[in-house]
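Student: Here is a model I would like to go through with you. Can we take it from the overall make-up down to one residue?

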Amino acid sequence: MTYPLRPAAGVAASHGSGLARPEAYSNAQPNAYSNGRSQRAMPLTRNYEIAYLSRNNTLCDATRIAPLVPAFEEAFSAFARGTLISTPTGPVAIEDLCPGDIVTTGTGPQPLRWRGSISLVPDRARNAPLSRIPADSFGPQRPSDNLLLGDSARIFASKSISSMSSPANWRDGETAIEVRPVAPVPLYHLVFDCQEIFQANDLEVASYHPDHSAYARPAGSMAQLFLGMFPHLRDLDGFGASIRDAPDRFVA
């Protein structure tokens, strides 16, 4: 299978309901001048799929084409397709959650505002491995079933706020196992009005917030490109309080 070439010259959007298609990756190759000298290679790009609740509470979805860079990837690659999210009416697969749906969180039932998705295409040069956390790794029913996570997930080894960490920190072959998929894997992340703690396969995890990024926030034109991934927000302050900002607000 091959993937189309796309230069990272801007953002394109198309509306539709499909998420995380395998053609998400684009290849980067150097362009050549007529004299045979090469230009700088264009950066890799990918499709970023988003669903969000607009400011007038309309459910929208879109595809964004943007650079394949860690700061962008981190906002999308936390929970694999099939992860069960706790809601007041029972567990719901993450791919079936829609913005506006109510999710059970540490601060009570909260409406989901945004769901992002990418497709992890097998390629050791571009992708960090995933982590599989076997059932009961952190205690009875924590998680209740095997949980497949990207490195941008934030889990709670204990029910303490201070224990929040990436699953990569727990890869020891038992508590968390490194996985390199041989087929495309859709990955998702969630955003609420503020950062929230919720349950994925009954293990406490955190929603996305840029304050916990391992990478600096994008600057300049990249900042506008990044903000375009979150059309329901006017600026990055719209992510609200994070666990780091207001730990007393959150109950794990």
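**Make-up, cores and one threonine**

Tutor: The protein has two helices and 17 strands, where helices (H or I, at least four residues) and strands (E, at least two) are DSSP runs numbered from the N terminus. This is a predicted model, in which local features need pLDDT of at least 70, side-chain atom pairs count only at pLDDT 80 or more, and totals for chains, interfaces and linings use all residues. Residues are numbered from 1 along each chain as its sequence is written, and side-chain values use heavy atoms, with hydrogens and water left out.

Student: What pLDDT does the protein average?

Tutor: pLDDT is the predictor's confidence in each residue, from 0 to 100. At least 70 is reached by 78% of the residues. Over residues 1-35 the pLDDT is below 50. The average for the protein is 83.

Student: Which residues have the most contacts inside the largest nonpolar core?

Tutor: A nonpolar core is a set of buried Ala, Val, Leu, Ile, Met, Phe, Trp, Tyr and Cys residues joined through side-chain atoms within 4.5 Å. Buried means under 20% relative accessible area, exposed over 50%, partly exposed in between (1.4 Å probe, protein chains only). The largest core has 28 residues, and the elements that give two or more residues to this core include β2 (45-53), β3 (59-67) and α2 (221-227). Those with the most contacts inside it are Phe72, Phe76 and Phe230.

Student: How many residues are in the second, separate core?

Tutor: Among its members are Ile85, Ile133, Ala153 and Phe198. The count for this second core is 22 residues.

Student: Is threonine 87 buried or exposed?

Tutor: Threonine 87 sits in the loop between β5 (84-85) and β6 (92-93). Its relative accessible area is 10%. Because that value is under 20%, threonine 87 counts as buried.

Student: Which residue has its backbone oxygen 2.5 Å from a polar atom of the side chain of threonine 87?

Tutor: Threonine 87 touches Val92, Leu97, Ile102, Val103 and Thr104 (contact means heavy atoms within 4.5 Å), not counting residues up to four places away in sequence. The backbone oxygen in question belongs to glycine 90.

Student: What separates the C-alpha atoms of threonine 87 and threonine 104?

Tutor: These two residues are 17 residues apart along the chain. Their C-alpha atoms are separated by 4.7 Å.

Conventions:
A polar contact is a pair of N or O atoms within 3.5 Å; within protein, one must be able to donate a hydrogen and the other to accept it, and residues adjacent in sequence count only if both atoms are side-chain atoms.
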